[in-house]
Amino acid sequence: MLAIGVVGASGVRATEESTPAKELFGRVHAPAPPMPGSIRAIGLPARGCLAGAVALPPDGPYWQAMRPSRNRRFGHPRLIALIERLAREARGDGWPGLLVGDLAQPRGGPMLSGHASHQTGLDADIWLSPSPERRLSEEERETLPAPSVLREGTRTVDPERFGPAHIALIRRAASYPEVARIFVHPGIKQVLCAVAGADRAWLSKIRPWWGHDSHFHLRLRCPENEPLCRDQEPPPEDDGCGAELAWWLSEEPWRPKPPTPPPPPLTLRELPPECRSVLRAPRRRERKAASGSRPRVAHSGSSLVGARLGELADQDEDVDDTEQEQEKPRQVQSAVLGVGGDEQS
Ligand SMILES: [Zn+2]
């Protein structure tokens with residue numbers, strides 16, 4: 001019996017080591033407490049995890065959280081605070097309210113579907129459609145489509161769907177010093193470059209990427225006093241409206257290439273060692289229950305992703321799970337990058 005027990009125990013360890021980390025982090029439904037020293041964000045956006053996560057309330061002043069079944073409303077307290085601030089200040093600019101897409105899983109880490117990054121609680125997707133004034137039902141939050149702002153069949157923004165209010169929203173988000181990057185479709189960057197005028201410093205944060213035509217993705221820098229959090233390299237300092245944008249607007253990034261097999265998914269060994277403790281920590285005792293989330297669901301996964309230019313190895317790419325906007329970027333992206341990506345995205 002003893003022998004069986006030992007075999008069993010080692011079997012469990014071996015299983016955890018070889019299990020894709022997305023399977024482990026994707027099935028945890030509650031946050032871990034912060035680590036000693038109030039450490040929360042651990043590692044890189046596409047190779048990390050999150051302790052001491054806070055849930056974005058499903059409803060707030062001027063925001064509504066979408067796709068509740070995914071259980072991805074968790075973030076670093078700085079991210080939650082920033083979303084609250086953006087919602088409030090954008091309202092003052094004339095944007096009625098935010099529809100908030102994915103943040104991170106309760107303990108961050110790789111996801112079973114949809115994103116390569118969003119692992120450290122410092123990334124958030126914000127829809128490019130304003131929130132209606134009424135409260136959306138649970139069903140609407142699951143099923144309401146996220147419409148593209150592009151002219152159908154093109155890589156150019158439709159001025160009917162992307163106008164001054166959208167520009168003001170993105171510009172507002174980029175104005176916050178704690179925001180490091182904002183990912184948008186190249187067609188959106190093209191518009192921002194055209195309207196920016198003399199004040200162009202914020203444009204360096206606006207990073208073109210595949211997808212991101214129905215939402216933008218904002219990424220915070222590592223907060224101070226987070227010694228385990230790792231920032232990517234900062235983006236190039238120029239406005240990115242020259243050669244870089246020209247490349248994105250050329251045929252090259254969109255040309256299909258033969259697909260390559262996806263690399264094996266991340267395992268715990270490839271994440272910072274502290275992520276093991278985060279995964280194993282007893283659930284955080286919270287006075288306030290994290291309301292509204294209903295962990296179920298397994299969206300169909302996809303593999304894509306990789307990196308390019310200054311973003312190399314950063315896995316900025318990110319795809320919303322919304323089917324109608326995902327299929328094409330997915331295929332194009334994996335084909336173009338030719339590297340398949342380091343993670344399931
Ligand atoms: Zn994202």
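## Confidence of the model

The average pLDDT of the chain, that is, the predictor's confidence in each residue from 0 to 100, is 83, and 78% of the residues score at least 70. This is a predicted model, in which local features need pLDDT of at least 70 and side-chain atom pairs count only at pLDDT 80 or more, while totals for chains, interfaces and linings use all residues. Residues are numbered from 1 along each chain as its sequence is written.

Over residues 1–12, pLDDT stays under 50, and the model has 0 contacts beyond four places in sequence for them. Two residues are in contact if their C-beta atoms, placed from the backbone, lie within 7 Å.

## Nonpolar core

The largest nonpolar core has 66 residues, and Ile 42, Ile 83, Leu 98 and Val 100 have the most contacts inside it. Such a core is a set of buried Ala, Val, Leu, Ile, Met, Phe, Trp, Tyr and Cys residues joined through C-beta atoms within 7 Å. A residue is buried if 20 or more other C-beta atoms lie within 10 Å of its own, exposed if 12 or fewer, and partly exposed in between; C-beta atoms are placed from the backbone.

## Helix 3

Helices (H or I, at least four residues) and strands (E, at least two) are DSSP runs, numbered from the N terminus. The buried residues of helix 3 are Arg 78, Leu 79, Ile 80, Leu 82, Ile 83, Leu 86, Ala 87 and Ala 90. Gly 94, with a positive phi near 105°, follows helix 3.

## Helix 5

In helix 5, His 166, Leu 169, Ile 170 and Ala 173 are buried. The buried residues of helix 5 pack against helix 3, strand 9 (179–184), helix 6 (186–195) and strand 11 (215–220).
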